[in-house]
Amino acid sequence: VVPHVHSSCSASQQQQQQSSLTDADRADYESQIQQLQCQAQESAATFKDEKTALSQHLEQYQSEIERLSHTLASREQQLKKHSLQLAQLTEEQHQQQQQQN
């Protein structure tokens, strides 16, 4: 029973507070609300612009990573090829030395 009395009491206090708002107060609140809405729209627009810019940077980085990955794969293949050539030359040199001895 006590919580019910309390809630009806606070509800009647809220009604009194709302009805005691003057037209000037209402205009002030509405002005503040409009300002906040405007700020929110500006923030959203700024956020959208920043998100677009970051997305473009991300795409650039991803294409750069792809390019570097291809370059790395190509260099790794060259390295394997050169390593094989070096191993063959070393083997040939070793065989020639054995023939000379």
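1. A salt bridge here is a side-chain nitrogen of Lys or Arg within 4 Å of a carboxyl oxygen of Asp or Glu. By that criterion the structure holds two salt bridges.

2. This is a predicted model, in which local features need pLDDT of at least 70, side-chain atom pairs count only at pLDDT 80 or more, and totals for chains, interfaces and linings use all residues. Residues are numbered from 1 along each chain as its sequence is written, and side-chain values use heavy atoms, with hydrogens and water left out.

3. The protein chain has two helices and zero strands. Helices (H or I, at least four residues) and strands (E, at least two) are DSSP runs, numbered from the N terminus. Helix α1 covers residues 2-19, and helix α2 covers residues 23-100.

4. On burial, the terms are: buried, under 20% relative accessible area; exposed, over 50%; partly exposed, in between (1.4 Å probe, protein chains only). Buried residues account for 0% of the 101 residues in the protein chain. The accessible surface of the protein chain is about 9800 Å², with 52% of it belonging to carbon and sulfur atoms. Accessible areas come from the Shrake-Rupley method with a 1.4 Å probe; for residues, only the protein chains shown count as cover.

5. Arg-26 is partly exposed at 39% relative accessibility, while Asp-23 is exposed, with a relative accessible area of 63%.

6. The other pairs Arg-67 with Glu-64, where the closest N and O atoms are 2.8 Å apart. Arg-67 and Glu-64 are also three residues apart in helix α2, which means that about one helical turn separates them. Relative accessibility is 45% for Arg-67, which counts as partly exposed. Glu-64 counts as partly exposed too, at 34%.

7. Which residues does Leu-21 touch, not counting residues up to four places away in sequence? Leu-21 touches Arg-26 and Tyr-29 on that count, contact meaning heavy atoms within 4.5 Å. Leu-21 sits in the loop between α1 and α2 and is partly exposed, with a relative accessible area of 28%.
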